[in-house]
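I set out to record what I looked up in this structure, entry by entry.

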Amino acid sequence: QNGEDGAEGHVKGSLNIAVIGSGPAGCAAAHSLRSQGHNVTVFEKGAALGGRLLTHRADGFHLDTGAAFVTSRHYPRLHKLANELGFMDLLENMNRVTGLHRDGERASLNISSIPSFLGYKFLKLGDKLKMGAWMLSIARKGRKRDLADPATLRDVDQQSVADFARARLGDEVYEHLVRPSMEPFWFTPCEEVSEGMFLALSARAPNSEFRCVKGGIDQICAKLIEGLELRCDTEVTALQARGEQITVRFRNHQGDGAFVADR
């Protein structure tokens, strides 16, 4: 929409809020703000919502292009929202098996299965016992670690996963268990992730169920902002403070426009 809009039509006591980006963080923020009674408009420069939860659809097929699964024990807030918003039936258990290769050999590992771990042929028995003992020790201490609360990870934010795992568990465990198990969670190297994330994930890994979203993982974002105004193909180009309000400058296929928001 060209021109300025968005300043009128407030519910008394509510704020007019612009959320930039329709990935999981933006959609969760929009949902929370709407729950508090505010008016929310979501801006997305891409053609569809999702961000790191983007799903591509064509010819009757769908492909999750970023994050493709959630786990039962690592995302309690997501499962609470799924119950509240009525999309638990979309979460479907999957067989989380990783195929690993070394010197021409192949091995399979289901990270959440103790029998699969014990039968994993790329680690010696001593390394398995060391890893198992360590997992038991952090399972007791690690319940206080929360992936979504940095304050609970602050005391273990001293080094990277790579440095921590090599020093504590050895090179073999790092190369053939930690790295191939952890990096799919982040799509980024262990050298760039804090040991706190590794401890939080590992503490809840045993018996955790891996779940995909039937029909595409972007439906999580869609459910969070259902009923809210979403402007796709709309790139925010500038934010300008004007008194107690913010003017959101944007560009879309209709040209340049502006949206007035309180936050």
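**Entry 1: His74**

I found the backbone oxygen of Leu201 at 2.9 Å from a polar atom of the His74 side chain. I note that the model is a predicted one. I then looked up a second polar partner: the side chain of His74 also makes a polar contact with the side chain of Thr71, at 2.6 Å.

I placed His74 in the loop between β6 (70-71) and α2 (76-85). Is His74 buried or exposed? I read a relative accessible area of 8% for His74, and because the cut-off for buried is under 20%, the residue counts as buried. Leaving aside residues up to four places away in sequence, I listed the residues that His74 touches: Leu147, Ala200, Leu201, Arg204, Ala205 and Ser208.

**Entry 2: Aromatic pairs**

I recorded both residues as buried, Trp134 with a relative accessible area of 4% and Phe164 with 10%.

How are the rings of Trp134 and Phe198 arranged? I found their centres 5.3 Å apart and their planes at 15 degrees, so this pair is stacked. This pair, too, links distant parts of the chain, with Trp134 in helix α4 and Phe198 in helix α7 (residues 195-203), 64 residues apart. Phe198 has 1% relative accessibility and counts as buried.

I also noted a cluster in which ring pairs link Phe43, Phe250 and Phe259.

**Entry 3: The sheet**

I looked up an open sheet of three strands, which has the order β2-β3-β11 and parallel pairing. Which strands stand at its edges? I identified β2 (16-20) and β11 (229-231); each has a single partner strand, so one side of each is left without a neighbour in the sheet. On average, neighbouring strands of this sheet are turned by 20 degrees against each other, direction ignored.

I then examined the pairing of β2 with β3 (residues 39-43): the two run parallel and are joined by five bridges. Within this pairing I located Val19, which stands opposite Val42 in β3.

Technical notes:
Residues numbered from 1 in each chain as written. Predicted model: local features only at pLDDT ≥ 70, side-chain atom pairs only at ≥ 80, totals over all residues. Heavy atoms only, no water. Pairing = 2+ DSSP bridges. Helix = DSSP H or I, 4+ residues; strand = E, 2+ residues; numbered from the N terminus. Axes fitted to C-alpha atoms, helices over the stretch in contact; angles between N-to-C directions. Buried < 20%, exposed > 50% of the residue type's maximum accessible area, 1.4 Å probe, protein only. Polar contact = N/O pair within 3.5 Å; in protein donor to acceptor, adjacent residues only side chain to side chain. Contact = heavy atoms within 4.5 Å. Phe/Tyr/Trp six-rings, centres within 6.5 Å; stacked < 30°, edge-to-face > 60°.
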